[in-house]
Amino acid sequence: MTLEGYFARFGEWTTVDNPKEGPRFRESVAKGAFSKTIAEGRGRIKLQLAHGQDPQVGDNPIGKLSELREDSHGGFYRADLFRLPELIEDGLRAQQFGASFRFSTVREDYTARPPRSDYNVERIPERVLREVRLFEISATSWPAYAGTSAVVRSEGDVIVMR
């Protein structure tokens, strides 16, 4: 089986509300944010399930990335999957997973008091990721960005996960 999709979509806003990352804020990824890390990090960036927190799989990779790139829509990945527990395989086929990524910020634009907008009516702080160091791409049941995807290809069938 092959898993592919977008782990991030450029220009899509999400609300980050995680105490580990500080006060609530809005976040978006800019085009070009992954280009340097992809060029430098091939082979070191892993594909995991639930950011390595799945009790069945742990922090083991679930596949080998065969393609990793940016295009006009976002960060794209493709991987040959290893054998997975049946429950996980069934979940992928039943469209229960999206995608996410683990990273550290290299460069960002941060606005503490942004103007009111359609995507930020509450005017909570905003950050736009301009450059990141990518560590891992993850199939996850709780993606931070709604526009991410995980597509399973098997025996000619295509199933789109959102």
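1. **Basis.** In this predicted model, local features need pLDDT of at least 70 and side-chain atom pairs count only at pLDDT 80 or more, while totals for chains, interfaces and linings use all residues. Residues are numbered from 1 along each chain as its sequence is written, and side-chain values use heavy atoms, with hydrogens and water left out.

2. **Fold.** The protein chain has 2 helices and 10 strands. These are DSSP runs numbered from the N terminus: helices are H or I of at least four residues, strands E of at least two. Along the sequence the order is β-β-β-α-β-β-β-α-β-β-β-β. The radius of gyration is 16 Å, close to the 15 Å from the globule rule for 162 residues, so the chain is as compact as a globular protein of that length. That radius is taken over C-alpha atoms, and the rule is 2.2 Å times the number of residues to the power 0.38. The C-alpha trace spans about 50 × 30 × 30 Å along its principal axes.

3. **Contacts.** Take contacts (heavy atoms within 4.5 Å) between residues at least 6 apart in sequence. Of these, 67% join residues at least 24 apart.

4. Buried residues make up 46% of the 162 residues. Buried means under 20% relative accessible area, exposed over 50%, and partly exposed in between (1.4 Å probe, protein chains only). A nonpolar core is a set of buried Ala, Val, Leu, Ile, Met, Phe, Trp, Tyr and Cys residues joined through side-chain atoms within 4.5 Å. The largest one has 31 residues, of which L3, F7, V29, F34 and Y77 touch the most other members. Elements that each supply at least two of its residues include strand 1 (2-9), strand 6 (74-81) and helix 2 (86-93). Strand 8 gives the largest share, 5 residues.

5. **Surface.** The accessible surface comes to about 8900 Å², with 47% belonging to carbon and sulfur atoms. Areas come from the Shrake-Rupley method with a 1.4 Å probe; for residues, only the protein chains shown count as cover.

6. **Backbone points to check.** Most residues other than glycine have a negative phi. A50 is not a glycine, yet has a positive phi of about 50°. A50 sits in the loop between strand 4 and strand 5 (63-70) and is partly exposed at 26% relative accessible area. R123 also has a positive phi, near 60°. R123 lies in the loop between strand 7 and strand 8 and is partly exposed at 28%.

7. **A144.** This residue is in the loop between strand 8 and strand 9. A144 is partly exposed, with a relative accessible area of 44%.
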